[in-house]
Amino acid sequence: MTVAKAEGQKLARDEKGRVCAMRGGAVLLGALLLSWPAILNGFPLIYPDSMTYLLDGHVVARALFLHQITDYYGVRSFFYSLGILSFHWNISPWPVVALQCLLVAWIVWLLARSFQACSVSPRRIVAPYLILILFLSLLTSASWYASFIMPDILGPLAYLAIYLLAFARETLSRAERWGLYLIAIWGITAHASHLLLAAGLCLLLVLFAAFERRPFLRRVRSLGEVVAIIAVAAGAQMALHGYLYGKPSLNGIRPPYLIARIVADGPGRWYLEKNCPHLQWAVCNHLSQFTDDPDVFLWEPNGAYESASDAEKTQIEKEEIPLVLATVRAYPFQQLSRSAANFWDQFLHFGPYGFNANDWMLQQFDEVLPKARASYLGSRQAHDALPLDLFSEIQWWTVVASLAAMAVLIPFLWRRHSPRLAGLTLVVVATVVANAGVTGVLSVVDDRYQCRVIWLLPLLAGIFFLDWLQQRELKLAA
């Protein structure tokens with residue numbers, strides 16, 4: 001009996017080892033599939049902001065670990081800069097691509113596995129998973145943003161991690177839960193919009209939980225984890241900014257995005273043109289430089305904010321909220337109309353653009369990635385030779401087809417009353433809609449902002465299809 005038991009335990013260990021190896025191999029292959037845009041390009045995809053993320057990590061790390069405090073650390077997320085620092089060391093950005101592709105591949109694996117029946121062998125998950133990851137890689141922006149040296153991909157990963165912790169906690173091991181905690185916290189701290197979306201998603205999940213059929217304690221535990229993650233992320237931002245600047249804040253030093261937005265919309269300009277004669281505001285000194293482009297206001301050398309003195313910039317930042325509130329009170333319907341138009345424009349614009357050559361970016365290589373300059377110059381991006389228009393068309397029709405497929409499958413899947421499927425649908429739809437609102441209404445309409453989350457719709461459609469196939473197989477087997 002003892003020999004038989006020992007033999008059985010050995011077989012169980014061997015089987016577990018084979019399953020782990022198969023799972024690890026599937027995730028690694030998924031990561032490789034996701035990296036094809038960088039491989040095609042011959043270099044990781046970059047953007048002007050990528051150079052500041054790559055550079056700022058050293059500055060913040062010296063302040064944290066060597067106490068070399070300065071007055072300015074940049075306006076980007078310090079947490080993304082610090083998170084990728086140990087992967088590039090200003091030598092090569094390729095390890096950052098490997099990291100991001102692995103994170104996407106792993107979370108998609110956990111997501112696909114959460115919808116498999118308990119009776120299904122782990123081996124049978126590999127094929128559907130690889131089909132799903134291949135679909136996302138070739139036809140959506142998931143692969144482009146995983147290959148992109150920017151924090152954009154971390155937002156969707158954080159929202160999917162929230163879904164897994166809130167609706168599929170029982171499918172996760174302790175190590176997997178801790179991995180999701182870290183990814184969610186890093187993703188939320190990686191960009192200001194990610195915190196807003198995660199907080200809104202948490203409130204939505206609280207409402208959803210009130211109508212769930214799961215036991216009360218399980219609902220509370222799952223929601224408690226999500227609330228804790230958001231609280232830790234917000235607390236970390238407050239603590240780091242407080243240490244660096246001596247004053248806790250969620251955003252640190254940031255340009256007046258809201259002023260740029262309402263001035264470009266029109267009502268902000270109207271209010272200032274009417275009231276500047278009796279207002280002693282610094283922004284009034286730059287009325288002649290106002291345009292209908294928020295980026296010009298903020299970043300162009302002759303823009304209202306960029307051309308202001310340091311003292312004026314500080315004052316303009318203080319004037320942001322008073323100006324926004326005054327404008328909304330004076331022109332509520334006009335601003336609402338413009339904000340609604342911005343939301344709709346952002347909702348519909350999700351082409352994979354922004355990966356263009358840039359002279360300023362090239363100049364930064366000598367300081368940021370001196371050893372990688374030659375490799376970048378040989379890339380397709382450096383010669384504006386990436387097939388962006390073609391892929392934009394492919395993704396557009398993929399999203400349309402995904403929405404059509406979900407419309408067909410919803411009646412079949414609705415009868416199952418699956419909390420997980422309902423939860424994933426809620427998270428994905430809320431994310432795609434809210435992202436268009438947060439970025440288009442509060443910042444600027446840009447394809448890049450919506451493109452970073454639009455791949456969640458084809459992902460949801462893929463899960464719908466895999467779930468439908470599984471239910472069909474189970475019925476046939478019965």
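The following legends describe close-up views of a predicted model. Residues are numbered from 1 along each chain as its sequence is written, and side-chain values use heavy atoms, without hydrogens and water. Local features need pLDDT of at least 70 and side-chain atom pairs count only at pLDDT 80 or more, while totals for chains, interfaces and linings use all residues.

**View 1. The largest nonpolar core has 115 residues.** A nonpolar core is a set of buried Ala, Val, Leu, Ile, Met, Phe, Trp, Tyr and Cys residues joined through side-chain atoms within 4.5 Å; buried means under 20% relative accessible area, exposed over 50% and partly exposed in between (1.4 Å probe, protein chains only). Among the residues with the most contacts inside this core are Y80, L111 and Y163. Helix α5 (residues 94-114) gives the most to the core, with 13 residues; helices are DSSP runs (H or I, at least four residues), numbered from the N terminus.

**View 2. Helices α3 (residues 48-65) and α4 (residues 78-88) pack at an angle of about 95°.** Their axes, which are lines fitted to C-alpha atoms over the stretch in contact, lie 7 Å apart. The angle, on a scale from 0 to 180 degrees between N-to-C directions, makes α3 and α4 roughly perpendicular (65 to 115 degrees). The contact (heavy atoms within 4.5 Å) includes Y53 and L54 of α3 and Y80 and L82 of α4.

**View 3. H67 and N90 are residues other than glycine with a positive phi.** H67, in the loop between α3 and α4, has a phi near 60° and is exposed, at 58% relative accessible area. N90, in the loop between α4 and α5, has a phi near 55° and is buried, at 14%.

Notes
Helices (H or I, at least four residues) and strands (E, at least two) are DSSP runs, numbered from the N terminus. Angles under 35 degrees count as roughly parallel, over 145 as roughly antiparallel, 65 to 115 as roughly perpendicular and the rest as oblique.
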